[in-house]
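Please keep the structure open beside them while reading.

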Amino acid sequence: MILEVKDLTKTFQGLTAVNQVSFGVEKGKIKALIGPNGAGKTTTFNMITGLTGATHGTVSFKGEVINACPPHVRAKKGIFRTFQNIRIFAEMTALENVMVGCHLSTGTGLLSAALRLPGCRADEKLARERAMRELVFVGLGDRAHLPAGSLAMGEQRLLEIARALVSEPELVLFDEPAAGLNGKETEQLGEDILKIRERGLTILLVEHDMRMVMRVADEIVVICYGTKIAQGTPEEIRNNPEVITAYLGK
Ligand SMILES: Nc1ncnc2c1ncn2[C@@H]1O[C@H](COP(=O)(O)OP(=O)(O)O)[C@@H](O)[C@H]1O
Ligand SMILES: [Mg+2]
């Protein structure tokens, strides 16, 4: 297991948003985390990436407990995510948006880049090439020089994915990447997610679009009111009476 969460719990002022959730994600697989709104999916993501501390339980990455690591340290270890609400720099070009993700791994910080310290030129060229490669990978090669804010919603989602990929993560977490996308865009996104797995990356996916989840996921974990109610293959989940009652049946 590349990622393992054990008894993960988060309490907000008396409300238990995530309650003793345990699951593992096998290297090179796509695991989906599904459940109704308010089930605790984003909170689980936040505890895995370090944005929120766990009240109880552990998050282990490649066998190491990382509860005490702040988000940037977890990112350096290879954990990246996209957000439920798109976070891009609208006035910057698509390419520049992806290049932002490079700074972490080229070793040149934003400050030294701003001061144009020696070494930055070469780094910037490398960053530009790597960013372009990821844009082409997600199918946005011809959009590279457009302002990110002018891209369609589906393209902005793909842009965020390119930015996560450029830092060469081992584990990527996608929080509702198909939200707001039309059928064709969702299809393209599904293709891209499968292509990311082909690169050997591991994916944890939160998604409401069940067609996409059933198509791409190797395994699914279902949570409801913060509690894990089922885990299994898409086929098993589709036929699980408890899951149908709690979520799929609606
Ligand atoms: N920062 C917070 N403070 C208080 N309550 C929160 C906070 N974040 C999330 N919650 C609550 O935790 C529960 C789970 O939320 P969330 O993880 O966003 O669910 P999901 O992503 O599955 O829709 C919800 O009841 C939500 O209102
Ligand atoms: Mg959420």
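1. What is the order of the strands in the open sheet of six? The order is β6-β7-β8-β3-β9-β10, and the pairing in this sheet is mixed. Helices (DSSP runs of H or I, at least four residues) and strands (DSSP runs of E, at least two) are numbered from the N terminus, and two strands count as paired if DSSP finds at least two bridges between them. Because β6 (79-81) and β10 (227-232) stand at the edges with a single partner strand each, one side of each is left without a neighbour in the sheet. From one strand to the next the twist averages 20°, where axes are lines fitted to C-alpha atoms, for helices over the stretch in contact, and angles run from 0 to 180 degrees between N-to-C directions.

2. On provenance, this is a predicted model, in which local features need pLDDT of at least 70 and side-chain atom pairs count only at pLDDT 80 or more, while totals for chains, interfaces and linings use all residues. Residues are numbered from 1 along each chain as its sequence is written, and chains are lettered from A and ligands numbered from 1 in the order in which they are written.

3. For the overall picture, the protein chain has eleven helices and ten strands, and its C-alpha trace spans about 60 × 40 × 30 Å along its principal axes. A compact globule of 250 residues would have a radius of gyration near 18 Å, and the protein chain, with 18 Å, agrees with that; the radius is taken over C-alpha atoms, and the globule rule is 2.2 Å times the number of residues to the power 0.38.

4. Helix α8 (residues 183-198) lies across β3 (30-34), β7 and β8, running at about 150° to β8, whereas helix α11 (residues 241-248) lies across β3, β9 (219-224) and β10, at about 125° to β10.

5. There is also an open sheet of four strands, in the order β2-β1-β4-β5, with antiparallel pairing. Its edge strands are β2 and β5 (64-65), each of which pairs on one side only. Helix α1 packs on this sheet, touching β1, β2 and β4 (56-61), and its direction makes about 115° with that of β1; contact here requires that the C-beta atoms of two residues, placed from the backbone, lie within 7 Å.

6. Strands β1 (residues 3-12) and β2 (residues 15-25) pair in the antiparallel sense over seven bridges, with L3 opposite V25 in β2 and T11 partnered by T16 in β2. The antiparallel pairing of β1 with β4 extends over five bridges, where K6 has T58 in β4 as its bridge partner. Between β4 and β5 there are two bridges, again in the antiparallel sense, and F61 stands opposite E64 in β5.

7. Which residues take a positive phi in the hairpins deserves a check by eye. Two residues lie between the strands in the hairpin of β1 and β2, where Q13 takes a positive phi near 35°. The hairpin of β4 and β5 likewise has two residues between its strands, and there K62 takes a positive phi near 50°.

8. Around ligand 1 stand F12, L15, A17, G35, N37, G38, A39, G40, K41, T42 and T43, each having a C-beta atom, placed from the backbone, within 6 Å of the molecule. The elements that give two or more residues to this shell are β2 and α1 (41-49), and the largest share, three residues, comes from α1. By class the shell has four nonpolar, six polar and one charged residues, with Ala, Val, Leu, Ile, Met, Phe, Trp, Tyr, Cys and Pro counted as nonpolar, Asp, Glu, Lys and Arg as charged, and the others, Gly among them, as polar.

9. The domain assignment gives domain 1 (1-78 + 169-250) and domain 2 (89-168), with bounds that come from an automatic or database assignment. The C-alpha centres of domain 1 and domain 2 lie 26 Å apart, and the contact takes eleven residues from each of them. On the side of domain 1 that touches domain 2, α2 (71-77) and α8 each supply at least two residues, and the largest share, four residues, comes from α8. The residues of that side divide into six nonpolar, two polar and three charged.
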